Amino acid sequence: MAIVYQKPKALTDATMHYCPGCTHGIIHKLVAEALTELNVEDHAVGVCPVGCSVMAYNYFTCDMVEAPHGRAPAVATGLKRAIPSNVVFTYQGDGDLAAIGTAETVHSATRGENITIIFVNNAIYGMTGGQMAPTTLPGQVTQTTPYGRDTNTAGYPVRVCEMLSTLDGVAYATRVSVDSVPNIKKAKEAIKKAFQTQIEGKGFSIVEVLSACPTNWGLTPVEALQWLRDNMMPYYPLGVYKDKTAEGVKHHD
């Protein structure tokens with residue numbers, strides 16, 4: 001019998017701990033597929049800091065390193081510089097990457113560190129209870145903004161891809177989503193290209209993935225995906241924000 005589908009070698013058989021409807025599992029699968037298809041899982045190293053994905057070492061077969069909250073790009077920098085032949089990636093949430101880890105993110109990007117960042121944006125702090133994150137939308141209700149995010153006091157959300165694309169050290173920056181099958185396919189292509197960018201030594205790459213958090217949004221899984229489409233996508237447009245393999249190209253889906 002012909003095999004038409006099988007789990008990527010870079011994923012373990014462990015049952016994931018994520019909430020029902022959480023799209024972290026989809027993103028894990030895409031990362032693992034990219035590692036497997038590029039045949040680099042045996043010399044890949046993932047870095048996970050504090051967040052919902054803190055136990056990702058249970059799910060990937062490649063080497064994994066735990067980092068303090070927000071410090072994954074700094075740890076990844078050390079790992080890549082120590083053994084440049086390794087394929088090094090971080091897997092970070094928005095509270096981690098764009099709040100406590102802002103400095104590490106920006107400076108690893110502007111130095112052009114040859115690492116890949118998988119940035120999961122669900123507009124909220126997931127693991128720590130659902131408080132406002134740097135990416136929380138204006139008017140969005142969270143545990144710490146029960147009346148909605150007030151931009152007069154909390155400021156505006158951080159658009160990470162737009163910000164990082166202005167830095168000379170960034171080789172590839174793109175925003176994707178995992179809300180539908182067509183977008184999941186595009187997300188996989190983007191993740192694979194980000195790894196290929198690193199393999200070719202072109203510098204810093206980041207894939208921002210718009211992701212659902214039904215538990216902390218207080219929605220069903222189906223409602224959460226629609227909320228993502230209706231609210232997050234208009235504020236965070238999908239598309240390539242920088243690609244040094246096609247300089248001057250900037251487009252959105």
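The dialogue below walks through the fold, the nonpolar cores and one loop glycine of a predicted model.

Biologist: How should I read the radius of gyration of the protein, and what would a compact globule have?

Modeller: The value is set against a rule for chain length: for 253 residues a compact globule would have a radius of gyration near 18 Å, and because the protein has 17 Å, the two agree.

Biologist: Which residues touch the most other members of the largest nonpolar core?

Modeller: The general idea is that in soluble globular proteins nonpolar side chains tend to be buried together. Here the largest nonpolar core holds 32 residues, and Val 31, Leu 35, Phe 195 and Val 207 are those that touch the most other members. Elements giving two or more residues to this core include helix H1 (24-37), helix H7 (181-199) and strand S6 (204-210), and the largest share, 6 residues, comes from H1.

Biologist: With which residues is Phe 195 in contact, leaving aside its neighbours within four places in sequence?

Modeller: Phe 195 is in contact with Val 31, Ala 34, Leu 35, Leu 38, Val 87, Phe 89 and Thr 116. There is also a second, separate core of 21 residues, which includes Val 47, Val 88, Ala 173 and Phe 204.

Biologist: Where is Gly 112 found, and which residues does Gly 112 touch, not counting residues up to four places away in sequence?

Modeller: Gly 112 sits in the loop between helix H4 (102-110) and S4, and, with those sequence neighbours not counted, touches Gly 169, Gly 203 and Phe 204. A relative accessible area of 23% is not under the 20% that buried requires, so Gly 112 is partly exposed at that value. The C-alpha atoms of Gly 112 and Tyr 5, which are 107 residues apart along the chain, are separated by 37 Å.

How values were computed. Residues are numbered from 1 along each chain as its sequence is written. This is a predicted model: local features need pLDDT of at least 70, side-chain atom pairs count only at pLDDT 80 or more; totals for chains, interfaces and linings use all residues. Side-chain values use heavy atoms; hydrogens and water are left out. A nonpolar core is a set of buried Ala, Val, Leu, Ile, Met, Phe, Trp, Tyr and Cys residues joined through side-chain atoms within 4.5 Å. Buried means under 20% relative accessible area, exposed over 50%, partly exposed in between (1.4 Å probe, protein chains only). Helices (H or I, at least four residues) and strands (E, at least two) are DSSP runs, numbered from the N terminus. Contact means heavy atoms within 4.5 Å. The radius of gyration is taken over C-alpha atoms; the globule rule is 2.2 Å times the number of residues to the power 0.38.
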